[in-house]
Amino acid sequence: MFSNFDFGVVFGSLPYLFGQGMVFTVTLTALAAGMGVILGTLLAMARLSGVPGLKHVAKVYVELMRSLPLVLVIFWFYFLVPYIGAYLTGASRPIQVGAFSSALITFTLFEAAYFSEIMRAGIQSIPKGQTGAAYALGMTYAQTMITVVLPQAFRNMLPLLLTQTIVLFQDTSLVYVLSLTDFLGAASKVAQRDGRLVEMYLFAAVVYFAVCFSASFLVRRLQRRVAIIR
Amino acid sequence: MTSTPMPASTAKTPVAPGSVAPMDAGLQSGPLSSPPPKLATGAPMIAIDNVSKWYGDFQVLTNCTTQVAKGEVVVVCGPSGSGKSTLIKCVNALEPIQKGQITVNDTKVVDKATDLPKLRSRVGMVFQHFELFPHLSITENLTVAQRKVLKRPAEEAKKKGLDLLARVGLSAHANKYPGQLSGGQQQRVAIARALAMNPVVMLFDEPTSALDPEMVGEVLDVMVELAKEGMTMMVVTHEMGFARKVADRVIFMDRGEIVEDARKDDFFGQPRSERAQQFLSKILQH
């Protein structure tokens, strides 16, 4: 039944698929995950702080982001960010931020909500005695978090953070709605151009599977290595 | 350097039956801290004045008043739930109080103007569950607060830390992680970590309660050494042998109140309160 298919088209387009598509996907995933973890950690700290206003703002933000479909958020930000930028800078016209920046901001803000839930669990998993000991040595809140709590929370949660990053890696394919060319987008373009839909989408699926499956496997191995001996 | 067993001469002091494990752990000679002069007079190092504390509606401390003079060793004992751990945690404001005042080395603990981190950096504290930082090596555990809080240069902090580690007989373990050490060893590191900050007073919150019996002795040895050097100490413990050996005073607490606050000999000789008598008879009879 495969006699009608021409998988040669896949090999011909490899440089384009990986040189542009995959590079874009990996760049967006890495940047959004990195910034998302930082923002997520700050959100988690805000939520766990006793400060009433701060705590609630963070909670509402996380709940809101987790209740909206990602595609919707991508659209919203793409159309909203230029206007928000104009409002903030007082410019008379919407400020063009570009599709990539818009996508990066969106994924960062969206993933931060998920990362914050992971980091919140991580921070809560650190026994209270640890913070007590840090305070007793004269450390401030910031010093306690940076030297004692967050390094341990981060290590405890690293497998979950990476698993969430794998999900993000797949989710970045949604940038097609902004006409950006990620790996799937590149495969799609080739497929349309050459009329080889089945071959290209099959190949894309195999690549996503291979990347995500091996990443998951590595995460499981890593999990055993980074565990802190107590 | 590894810990070497100490000669049996340390067991000279009479010890209440069943209260203290034999003092057998290795201690290097030399002072653990620079000894302040042993004075029982003058301004108290810790003044606890009419302190009350509530958890919601439940009162955990009721009008507690006592003092610890410079160089004095005060043992706080009492049945579990009597508030002794809570009281000692109020001294460095790890637990807030709702009424009363605590003064440490002339600094008011309950005062918005007080720089709490600075105050705490001068008050060493040792916890029941050691609370070493498991993600840091022993050396890092000993130096992290010196560098971050006291802003000591890395070299100086390391020298100080390793010096103290040698004094508690654990130099061989400098590059290990807390999880690789026994409970007794971890607690000795925790004491060294607190001492590295040059504290003016040391607080011990049941330092031997979480230890296997055979490890109690090595930790108490370090504490006895420290007491002999004139460190001001407030110690929550059930180790009555330790109290007999080095305490100047014993405070007995029950249901959040200080029931008895007496010189050691008076406390062990004839405790005035019935509750203290019952408590003593219970813990000394085995």
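## Exercises on chains A and B

Strand β3 (residues 73-77) of chain B is joined to strand β8 (residues 232-236) of chain B by 4 bridges, and the two run parallel. Helices (H or I, at least four residues) and strands (E, at least two) are DSSP runs, numbered from the N terminus, and two strands pair if DSSP finds at least two bridges between them.

This is a predicted model, where local features need pLDDT of at least 70 and side-chain atom pairs count only at pLDDT 80 or more, while totals for chains, interfaces and linings use all residues. Residues are numbered from 1 along each chain as its sequence is written, chains are lettered from A in the order in which they are written, and side-chain values use heavy atoms, with hydrogens and water left out.

**Exercise 1. Explain why β3(B) is described as largely enclosed.**

Step 1: Count the residues. In β3(B), 5 of the 5 are buried, so the strand is largely enclosed by the rest of the structure.

Step 2: Check each face. In a regular strand, side chains alternate between the two faces of the sheet. V73(B), V75(B) and C77(B) are buried on one side, and V74(B) and V76(B) are buried on the other.

**Exercise 2. Describe the interface of chain A and chain B.**

Step 1: Take the contact (heavy atoms within 4.5 Å), to which chain A brings 20 residues and chain B 22 residues.

Step 2: Look at the buried area, the accessible area (1.4 Å probe) that two parts lose on being put together, summed over both. The two chains bury about 1,800 Å², with 69% of it on carbon and sulfur atoms.

Step 3: See which elements give two or more residues to the side of chain A that touches chain B: they are α6 (128-136) and α7 (141-171) of chain A. With 7 residues, α6(A) gives the most.

Technical notes: Salt bridge = Lys/Arg side-chain N within 4 Å of Asp/Glu carboxyl O. Buried < 20%, exposed > 50% of the residue type's maximum accessible area, 1.4 Å probe, protein only.
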